[in-house]
Amino acid sequence: MTFLIDLVAATLRNATPLVYGTVGETYAERAGVLNLGIEGTMYAGAFFGFAAAHASGSLTVGLLTAVAVGLAAGALMAFLSVTVGTNQHVAGIGITLLLVGVSEFSNRLVFGGAGTLPKIESYALLSPFGLRALSQYALTYVAFLAVAPLGWWVLARTSLGLNIRAVGENPEAADAAGIDVARTRYLALMIGGALMAIGGAFFTLAALGSFTLGIIAGRGWVCIALVIFGRWRIGRGVLGALLFAAVYALQLRLRILPGWDAVPFELLLALPYLVVIAALALSGRNVDYPGAYLKPYRRA
Amino acid sequence: MTRPRADPPAGTAHAIEARGIVKRYGDLLANDHVDLTVARGDIHALLGENGAGKTTLMRVLYGLAVADAGTVAVDGRRVEIRSPRDAIAAGIGMVTQHFSLVGPMSVAENVVLGHTDGFRVDHAAARRRVTEVSERFGVPADPAAIVADLSVGQRQRVEILKALSRDCRVLVLDEPTAVLVPQEVDALFATLDRLRSGGMSVVFISHKLREVMALTDRVTVLRGGRVAGTVATAATDEDALAEMMVGRAALRPARPAGGRAGAPVLIVRGLSAAGRHGLPALREVSFELRAGEIVAVAGVSGNGQTELGEVLSGMRRATAGSARAGDTELADTPPDVVMRAGVGRIPEDRDASVVGEFSVAYNLVLEQLNDFRRGTVLDERRIRARAQELIERFSIKAGPDDRVATLSGGNVQKVLLARVLARDPQVLVVAQPTRGLDVGATQYVRSQLVAQRDRGAGVLLISEDLDEILALADRILVLYEGRVAGEVDGAAADRQRLGLMMAGRAAA
């Protein structure tokens with residue numbers, strides 16, 4: 001029983017950054033832009049959020065800094081892919097390389113002299129009703145109770161969401177209907193960037209309280225896969241995040257169970273990724289990509 | 001969603017008065033001081049060949065392009081139109097050739113797109129609005145339907161609804177019938193007629209003379225970016241309009257009489273095939289094509305013609321039956337074997353039949369590269385010489401080194417014709433050979449098909465253009481729900497009878 005409760009709690013915790021990243025990436029892709037800058041944006045959110053919190057002593061300042069970094073990263077992606085019209089793969093990977101590099105360089109500049117790993121007092125766990133499974137960080141509650149449902153509602157039920165879907169499916173039609181395609185894509189990418197950066201900051205401001213190199217460890221790429229797994233629907237994307245997180249939490253626990261030490265732990269570590277690949281292979285066939293996926297829009 | 005709008009001023013002001021419109025794209029003068037005056041409550045045709053400047057003028061009126069010079073007045077008031085939003089505000093609605101619809105969205109969402117007030121979209125109100133406009137103007141539509149599931153004719157109605165729901169007083173339709181089957185065309189004309197009775201002004205862009213004569217009140221003809229003239233439809237006829245359009249007389253020669261048909265060159269027996277969704281699309285079709293005749297396959301789109309063309313071209317598997325040209329089975333046979341059997345094919349999808357990034361010269365020899373090599377190396381000199389020869393013979397307006405992607409639809413089709421006809425095929429299978437081509441290119445392609453027939457080839461013409469079928473065919477097969485619904489002699493056929501057969505009524 002304790003094993004199961006711990007597993008549920010760990011699943012929710014592990015899924016949290018993936019929910020932010022997946023919802024953020026969904027916004028970008030529904031607007032027609034594949035944002036491969038997600039890995040770097042999460043990384044920069046993690047580092048700059050941490051650095052700002054460390055310097056100011058305020059977690060709120062740290063979180064707002066991460067949001068600002070995410071907005072800027074989204075705007076940069078928009079500038080490259082919408083305004084300049086560069087290839088989205090190149091622009092996205094470029095942003096990831098840039099932001100990882102800038103974060104690691106800044107880390108060395110700011111904390112390089114410190115002998116021990118700098119730490120901050122991270123967010124405390126909330127434990128409503130004294131239930132262990134629900135003992136989570138506020139950012140986890142926000143992810144599942146606000147970001148996912150609000151993210152869905154905005155896309156499905158608001159004019160902003162309608163415009164985002166329209167510019168991602170058929171920008172010519174959106175333009176003819178009087179929608180500012182470039183502005184809508186900027187907005188979608190900046191909203192998405194801010195969410196990705198919060199997802200990254202979750203590691204430093206909540207889960208760990210410190211910044212280490214390689215902290216994101218490919219979770220941005222996982223979010224890219226989850227968006228496709230979810231067929232660009234937020235609900236399915238969140239389910240995918242929970243699935244990945246559950247397998248991740250499970251393999252961590254399997255390692256220390258008696259009898260499982262015969263299995264190389266590298267194999268167990270690979271398990272969640274294998275599950276993602278399997279899920280993609282099963283559900284990713286015949287998916288309908290957004291109509292204007294990867295296409296810059298220029299008026300004829 | 002409805003915005004209050006002042007009533008148009010009384011008096012004689014025109015619905016649209018465009019003066020001296022100039023639009024330049026690089027070196028091309030697409031509109032050269034074009035004037036267009038549309039009276040209120042008129043259906044006004046804008047007629048011209050492809051590239052005459054019709055679409056450019058409409059893009060200027062709708063704000064999709066900004067004119068370099070000229071003025072536009074709507075209901076007597078000068079308006080500045082710099083974006084579709086300005087045009088909509090001025091009361092101009094437009095249905096473009098390629099629909100501006102978002103497939104995965106509902107009809108209601110498409111209608112309110114770009115015109116939502118406030119942050120939240122009231123879906124119920126949007127559906128009510130669509131229903132209300134749909135009933136008021138007699139344009140049926142289901143507001144909750146997903147656009148991607150609708151037929152082309154239904155999508156066009158959604159486009160018209162979009163414009164109407166924004167209270168447009170001038171409705172511009174850019175070649176609205178190009179994508180419709182005859183029955184849908186009739187429905188569209190009925191709708192436009194109703195709108196006209198309600199006082200709506202309609203600008204109807206077309207290059208189909210028959211439609212212009214049937215529907216419109218006045219006609220403005222564009223030629224080479226300039227106005228060739230404006231006339232009342234009642235005071236002109238097809239020949240006069242055609243002459244204004246192309247600047248030369250007699251573009252509809254009488255139907256060329258066929259000679260005596262010879263021995264069968266293509267024998268189709270019990271041919272069946274599945275369609276795009278795996279359902280039977282072609283059911284036990286049998287017919288013979290003889291040397292020296294043109295047999296046309298008519299039918300409303302989606303009744304198996306596309307699949308027939310694809311099976312005969314080797315692009316789709318047959319589920320039963322055979323199609324033999326001489327000793328060669330065409331169904332499920334590699335293309336090179338089919339080609340060596342003397343079968344030439346010009347498929348429906350032109351762009352899939354050429355490599356856009358390759359030069360005209362390469363595309364011309366693409367099917368017979370083996371004949372143009374020395375050892376393992378392509379013989380560039382002979383490829384070039386061949387290209388020069390074919391470019392001359394088929395009047396292709398391009399050089400051997402031009403990329404095919406830069407060519408007009410008419411010239412791409414000429415490249416295909418040249419590639420296929422240069423091999424003197426005994427059997428020619430052509431699908432929709434003039435779709436989207438202008439009058440000049442259409443005439444050229446048709447004359448080439450007739451020349452092939454007269455040379456002694458059997459020509460199977462799959463077409464949705466009844467005028468084309470009536471102009472060319474010696475015999476007409478009508479396909480309905482994948483079966484041959486009947487056969488009509490070309491000389492004795494008329495639109496009425498074919499239309500009924502295509503609609504599945506008993507063969508006469």
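Contact here means heavy atoms within 4.5 Å, and helices (H or I, at least four residues) and strands (E, at least two) are DSSP runs numbered from the N terminus. This is a predicted model, in which local features need pLDDT of at least 70 and side-chain atom pairs count only at pLDDT 80 or more, while totals for chains, interfaces and linings use all residues. Residues are numbered from 1 along each chain as its sequence is written, chains are lettered from A and ligands numbered from 1 in the order in which they are written, and side-chain values use heavy atoms, with hydrogens and water left out.

**The sheet of chain B**

In chain B, an open sheet of mixed pairing is built from six strands in the order β16-β19-β20-β13-β21-β22, where two strands pair if DSSP finds at least two bridges between them. Its edges are β16 (343-346) and β22 (483-489) of chain B, each of which pairs on one side only, and from one strand to the next the twist averages 15°. Six bridges join β21 (residues 475-480) of chain B to β22(B) in the antiparallel sense, and Y480(B) has R483(B) in β22(B) as its bridge partner.

Helix α14 (residues 439-455) of chain B lies across β13, β19 and β20 of chain B and runs at about 150° to β20(B). These angles run from 0 to 180 degrees between N-to-C directions, with axes taken as lines fitted to C-alpha atoms, for helices over the stretch in contact.

**Cavity and pocket**

On a 1 Å grid over the protein atoms alone, a cavity is a set of points where a 1.4 Å probe fits but cannot get out, and a pocket is an open set with protein on both sides within 12 Å along at least five of seven lines; lining residues have an atom within 4 Å of a point. A volume is the space filled by probe spheres set on the points, which are joined across faces, edges and corners.

| Site | Volume | Lining |
|---|---|---|
| Largest cavity | about 120 Å³ | 14 residues |
| Second largest pocket | about 750 Å³ | 23 residues |

Nearest the centre of the largest cavity lie Y62(B), M94(B), E159(B), K162(B) and R166(B), and β6 (92-95) and α5 (152-165) of chain B each give two or more residues to its lining. For the second largest pocket, the residues nearest the centre are R30(A), R165(A), E169(A), R233(A) and P104(B), and α5(A) gives the most to the lining, with four residues.
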